[in-house]
Amino acid sequence: MSETKKPAYGGQAVIEGVMFGGKNTYVTAVRRKDDSIEYFEVKKKTNPTLNKFKKIPFLRGIAAIVEASANGTKHLNFSSERYDVDPKDDEKVIAESEPSKISLILGAAAVGVISFIFVKTIFTLVPAIAAESLRFMFPGHIEQNLIEGLIKLLLLLGYIYFISMTPIVKRVFQYHGAEHKVINTYEAGLPITIENVQSQSRLHYRCGSSFILFTVIIGVFVYLFVPSDPLWQRLLFRLMLIPVVLGISFEVLQLTNKVREVPVLKALGYPGLWVQLLTTKEPDDRQVDVAIHSFKELLKREKEHEKDLENTRVV
């Protein structure tokens with residue numbers, strides 16, 4: 001590990017590409033049909049309200065999720081529209097393509113946030129209803145919370161496993177692995193080459209996959225403090241506590257990242273890493289090459305943004 005503390009960068013796999021985010025901007029690199037690499041950048045916008053939330057423990061997790069969902073959707077849309085189109089047909093495709101009515105009304109960012117809320121709601125309510133149907137076998141409050149957590153975990157892992165069997169999702173998971181390998185190479189202070197990147201682990205403590213698992217575990221403990229009967233009250237509390245569970249889970253994720261070098265405490269992050277065995281796959285050299293292009297382009301544009309800010313301050 002390099003002695004100089006490096007800034008933390010985050011990333012996300014997209015279709016045939018990788019998105020990395022820094023302090024000032026997000027950059028996606030996608031391999032086109034003609035084997036060229038195309039970049040897409042979305043600069044971070046200053047949002048006073050969101051920035052205030054980012055400084056408050058337990059609330060900053062919600063702010064981070066909103067921001068990640070919004071930006072992730074923009075980059076995912078870009079990659080899905082570009083990766084399988086021959087560059088010579090770009091103008092024709094752009095002219096023929098029309099945004100969906102939902103995107104026109106809400107925008108890609110809002111669609112991303114709404115989609116996250118919808119999925120989270122489904123994965124919260126369905127296990128609660130399923131556990132309630134088993135109350136004749138598990139009548140106690142603690143038993144109900146444990147069986148609900150188990151159902152939620154099985155539902156989550158089963159969903160990930162089955163979608164990972166589809167070719168397109170498998171490739172996305174390979175790019176996810178490439179993203180982690182690049183970050184691990186950078187944090188280890190090694191030159192970012194295909195050989196060095198491939199030698200790194202495809203798992204990372206700050207991954208969103210770990211966060212999702214922590215929401216299941218944290219939920220079991222949080223729900224112990226609210227009624228699980230009758231069903232309508234149980235479901236109401238589950239919905240009301242979604243922000244609480246998300247906020248605590250984010251802090252736990254941050255904690256596991258901070259203590260990952262401590263011999264005993266690093267085990268706190270192991271459950272999240274195990275989930276990543278499903279959400280990441282070993283990438284090939286071409287996929288790693290795309291991830292490297294994306295990360296190096298991000299570093300270049302981050303320097304340009306910092307230089308622009310310095311010039312602005314001087315003026």
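Contact means heavy atoms within 4.5 Å. On that basis, among contacts in the protein chain between residues at least 6 apart in sequence, 71% join residues at least 24 apart. This is a predicted model: local features need pLDDT of at least 70, side-chain atom pairs count only at pLDDT 80 or more, and totals for chains, interfaces and linings use all residues. Residues are numbered from 1 along each chain as its sequence is written, and side-chain values use heavy atoms, with hydrogens and water left out.

**Whole chain**
- The protein chain has 12 helices and four strands (DSSP runs numbered from the N terminus: H or I of at least four residues for helices, E of at least two for strands).
- Of its 315 residues, 42% count as buried (under 20% relative accessible area, 1.4 Å probe, protein chains only).

**Helix H6**
- H6 covers residues 167–187, 21 residues in total.
- Its first and last C-alpha atoms lie 31 Å apart, close to the 30 Å expected at 1.5 Å a residue (1.5 Å times one less than the number of residues).
- In H6, 17 of the 21 residues are buried, so the helix is largely enclosed by the rest of the structure.

**H5 against H8**
- H5 (residues 141–163) and H8 (residues 208–222) pack at about 170 degrees, with axes 9 Å apart (lines fitted to C-alpha atoms over the stretch in contact; angles run from 0 to 180 degrees between N-to-C directions).
- The two helices are therefore roughly antiparallel (over 145 degrees).
- Leu-146, Leu-153 and Leu-156 are among the H5 residues that meet H8, where the partners include Ile-212 and Val-216.

Note on methods. Parallel < 35°, antiparallel > 145°, perpendicular 65-115°, else oblique. Buried < 20%, exposed > 50% of the residue type's maximum accessible area, 1.4 Å probe, protein only.
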